[in-house]
Amino acid sequence: MDDGTLSLIILGAAVVLFVWNRLPVDVVAVLVALALWATGVLGFTEVLAGFGDPVVIFIATLFVVSEGVDSTGVTAWAGQTIVRYAGTTRTRLLIAVTALCAVLSALITLNGAVAALLPLVVMLAIRIGQPPSRMLMPLTFAGSAGSLLMLTGTPVNIIVSEAASDAGAGPFPFFSFAVVGVPLVVGTIAIAVLLGPKLLPATRPSHPAADLAVHAETLDVHYAVQDGFYRLRVREVSPFLGQSVGDVDLTAYPGVAIVGVQDAQGRNRTDAAIDVGDILVVTGPSELVGNLTADLMLAVSMAPVDHLLTREAGVVEAVIPPRSALVGETVFPGMHRGRDLVIIAVQRMGKDRGKRHTQLAEGDAILVHGPWATLDELSRDRDILLVDSPEQVRRQAVPWGSKASVALAIVGAMVVLLATGAVPPAMAGLLAATAMVLTRVVGPRQAYRAISWQIVVLIGSLIPLSGAIQSSGGADRIADLIVDAVGPGRPYLLLLALFLLTAALGQMVSNTATVLIVAPIAVAAAEGTGTSVKPVLMLIAVAGAAALLTPISTPANMMIMSPAGYRFGDYWKLGLVVMAWWLLTALVIVPLVWPF
């Protein structure tokens, strides 16, 4: 059996496994690579070469860059800003959030944009009395269209650009995708506004996502932390030295009270005499606390927490689980614990414990303030259970973080490098990702976590299949079938056939895998009919992004299914209309810009 036949058999088996959907897509891709090696279609080095392909490197770096943009609060800032000016009417809000998702998809990929905006859109829908199902599908569809605004919007764009370059036609310029992407975005939003109420179900989620954008206000009310506290350090000349807390006379400062005392190591002091370096936790009117500090020669160790959430620090709500080592420990509001953490409030059975000392018990809730990095470490502490992830709180509730300007500057520099072609795309992405880490926009571990290794393995394993189909003549055989079906000299019919093939496969298989499979077939079909490869490949990019009819076609479609209360069959009604617009747009615009 020749290599061409073997490669097509392996391709067919891969499609069956993708559609079967019982194995992870990356596992299927690895099995494909192993099959190519086991059957002798490709050698060992050729099978592994996909992981060193510049396309894989470029895509991996884009995950790190998008993490930098999202984690610094740029997405939260953009969402809050656009909502502030959009008002509360359905049409204006829908246009605003879908347009924002389209732009963000071009910058941080579709999945990242939808994940960042999903809680915000659900809360906005509830606030204006609209079912979230009427807004979430338009959000995702507009994001899919927005992925065609720039080269970096989706791995599909990068794959077709490399395919064009390998075919001798040269890569697509960075912003060339916008020629098709802009009308796709505009048309998709218009269809959602006009036909969405008729084609989308009016369902509500049984468990709506938490609105962490107003997290600080919620905690402020729930824990009644508006009184605040001060941490004052005892100096060598203070008259407090040698006194016990019970002996301290504060009658000259009405309303001021000492909540507790800790030594320099953070240990609680109860009956012992006050010593140099001890910390007095004081509550009361700020003016009188200021007088106390000056009169008794104390030093301010920590000002009151006026803002629960800032760029540098935040709060988390934690619950004491059974068998926790914290059970039995005595705490009080204002108490310093550990390196940087301060306990702000304690509740038991939903009732605030006030300023009193509390011996922690199972089920107690505590509010903890500290730097974001320290709060993140608490998620790995087995002695407490965090109610909300500090990372998610920071991303949604702290817009425009301290490194946001740096992140955008790095993205801007990367766009300039890509647009001018000063360096290869993979190098531009690698420089941007490295800059994100060196400037501490993202940490090294955060960068590794940000990369979707499933996508990396998927693409790295399927690139050899794409090359094998092309080099063994398998692509030519499928292309001949397509050419025979549409006939020679009918480029528009060829585009239509390739669109339908790609779009149909993309509803069941990852669009990245679909384009890797279809791209060599499209190139062979174009060469077989004497058609330029660029219009054919641009149409493949549009069709690859048109994964709109099922929830399993993209992770973004799956993300919105539960929050919106969608069923499997809810997607195709609006999806078919949007896909028809995409097909019409591609057939009209692509040949005008990239002639046959």
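This is a predicted model: local features need pLDDT of at least 70, side-chain atom pairs count only at pLDDT 80 or more; totals for chains, interfaces and linings use all residues.
Among contacts between residues at least 6 apart in sequence, 77% join residues at least 24 apart. Contact means heavy atoms within 4.5 Å.

The protein has 25 helices and 13 strands. Both are DSSP runs, numbered from the N terminus: helices are H or I with at least four residues, strands are E with at least two. The C-alpha trace spans about 100 × 55 × 45 Å along its principal axes.

Of the 596 residues, 54% count as buried. Buried means under 20% relative accessible area (1.4 Å probe, protein chains only). The protein exposes about 25,100 Å², and carbon and sulfur atoms supply 61% of that area. Accessible areas come from the Shrake-Rupley method with a 1.4 Å probe.

Two nonpolar cores are listed here. A nonpolar core is a set of buried Ala, Val, Leu, Ile, Met, Phe, Trp, Tyr and Cys residues joined through side-chain atoms within 4.5 Å.

| Core | Size | Members include |
|---|---|---|
| Largest core | 152 residues | Leu36, Leu136, Leu462, Phe499, Leu537, Trp582 |
| Second, separate core | 33 residues | Tyr223, Val331, Ile343, Trp372 |

Leaving aside neighbours within four places in sequence, Leu136 is in contact with Leu118, Val121, Val122, Ile560, Pro563, Ala564 and Tyr566.

Residues are numbered from 1 along each chain as its sequence is written. Local features need pLDDT of at least 70, side-chain atom pairs count only at pLDDT 80 or more, totals for chains, interfaces and linings use all residues, and side-chain values use heavy atoms, leaving out hydrogens and water.

Key. Buried means under 20% relative accessible area, exposed over 50%, partly exposed in between (1.4 Å probe, protein chains only).
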